[in-house]
Amino acid sequence: MTISKKRVDDLPFALSDLEIIDYQGIKHLVIENLPKHKQWLFLTGENGFGKTSILKAIAKGLVGDEEAIDWMPRQSKIQVQGNCWNKPFACEVTSRNTVNPDFQMATYGAARFRVSPIDPVAFAQSKFSKKTYSLFNDDGMLINIERVLIDAERDDLNTFNQLKSIFFKIIPNLADLKSEVVNKVRRIRYYEKNEQGELYPPVFLSELAAGYRSILTMIGDMAKRFSEHPDNLLENLKGIVLIDEFDAHLHPKYQYELPNLLSAAFPMVQFIVATHSPIPLLGVNAENALVLTVYRNKTDGITVKRLDDDIHIQHLSANALLTSDIFNFKSVFARGATPDTMIPFNDYKEVGASEKLVLLRKKMNDLKLKPLL
């Protein structure tokens, strides 16, 4: 593999080159010269094409086997290059060696709702605390962020306020969170607000919408993991985060906003995510993102095509993006519709205006008046 050139604005932790041999349906895959200054690497592709396999390979290449969480065949090999603490990093992982560098990484599988019932100290000693466990196992649990918040409020008010600030940046509808005694037990209550700033009745974490709950638990888990390193400060976290099914449980409006919200809250973190939705790609700053589309066939196995040089996302509508090589839609019409029955507008407000214009013209024609428009 070639060595990618260093830029002044490279991230402290970033992936630049990846080679995978004989691992989870990947025969031989080489991805080179990924830009280390971009925060977002999107993996797209159909179900079963291998996006999760690539995420797992990246995880193993960056932090090693982590006590045999996932067995590797004897002939398998994963090579990774990039940045680690602002320095060039290269690693090779096989079934015969296990490495675990001082790499700041957090990984999250498609299921990321389960919060560990145990306290953070006990969690750190459990199998669930492994950096890659959530990505490789359906029974993964995330750190009990409520216990972290309650302990921080008692022992370190600055940390408590910093965590609150992070949550407010990422979930704009979150107005406040407070530690309160409920039935003799200290709990966290979450206060949501509408677009007019009006407060809804407070709720517990389990009562929040699925999308908000998954984001809160994931971001809380990530912040806690990274900030445990003495050189990784909560106000400026650094690392790589791998997320499978990034768009799961999120409304399209929030899918659009979330990448930029995360970029603003964690400007030194690189996110490598798999998604089935075009909306996060439309929402992110195109200069800060790269798209890798995953394909699979019997002959070649799992392959990847880099499309950022061919498709300029910032110039595309959602329909054009869906029918591009990134998502390979054959049609964006509703099932049963035909081109001659479609209303040719991209903005629904234009549809309403058009219907009013048709009615106005019909009325004027009935009155035999000369149209003004």
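I counted the salt bridges in this predicted model and found 7 in the structure.

**Entry on Asp-139 and Lys-127.** I looked up one of these salt bridges, in which the side chains of Lys-127 and Asp-139 meet at 3.8 Å, N to O. Lys-127 sits in the loop between α2 (120-124) and α3, and Asp-139 in the loop between α3 (133-136) and α4 (145-155), so the pair ties together parts 12 residues apart in sequence. I noted Asp-139 as partly exposed at 29% relative accessibility; Lys-127 is also partly exposed, with a relative accessible area of 45%.

**Entry on helix α4.** I then traced a network of salt bridges that links Asp-151, Arg-154 and Asp-155. The closest N and O atoms of Asp-151 and Arg-154 are 3.5 Å apart. Both residues lie in helix α4, separated by 3 residues, about one turn of the helix. For the salt bridge between Arg-154 and Asp-155 I recorded 2.8 Å, N to O. Asp-151 is partly exposed, with a relative accessible area of 23%, whereas Arg-154 is exposed at 58%. Asp-155 is exposed as well.

**Entry on Ile-188.** I located Ile-188 in strand β8 (residues 185-192). Its relative accessible area is 0%, so I list Ile-188 as buried. Beyond neighbours within four places in sequence, its contacts include Leu-149, Ile-150, Leu-177, Val-203 and Phe-204.

**Entry on β1 and β2.** I checked strands β1 (residues 14-23) and β2 (residues 26-31), which run antiparallel and are joined by 5 bridges. Ile-20 has Leu-29 in β2 as its bridge partner. The hairpin has 2 residues between the strands, and Gln-24 takes a positive phi near 45° there.

Technical notes
Residues are numbered from 1 along each chain as its sequence is written. This is a predicted model: local features need pLDDT of at least 70, side-chain atom pairs count only at pLDDT 80 or more; totals for chains, interfaces and linings use all residues. Side-chain values use heavy atoms; hydrogens and water are left out. Two strands pair if DSSP finds at least two bridges between them. Helices (H or I, at least four residues) and strands (E, at least two) are DSSP runs, numbered from the N terminus. Buried means under 20% relative accessible area, exposed over 50%, partly exposed in between (1.4 Å probe, protein chains only). Contact means heavy atoms within 4.5 Å. A salt bridge is a side-chain nitrogen of Lys or Arg within 4 Å of a carboxyl oxygen of Asp or Glu.
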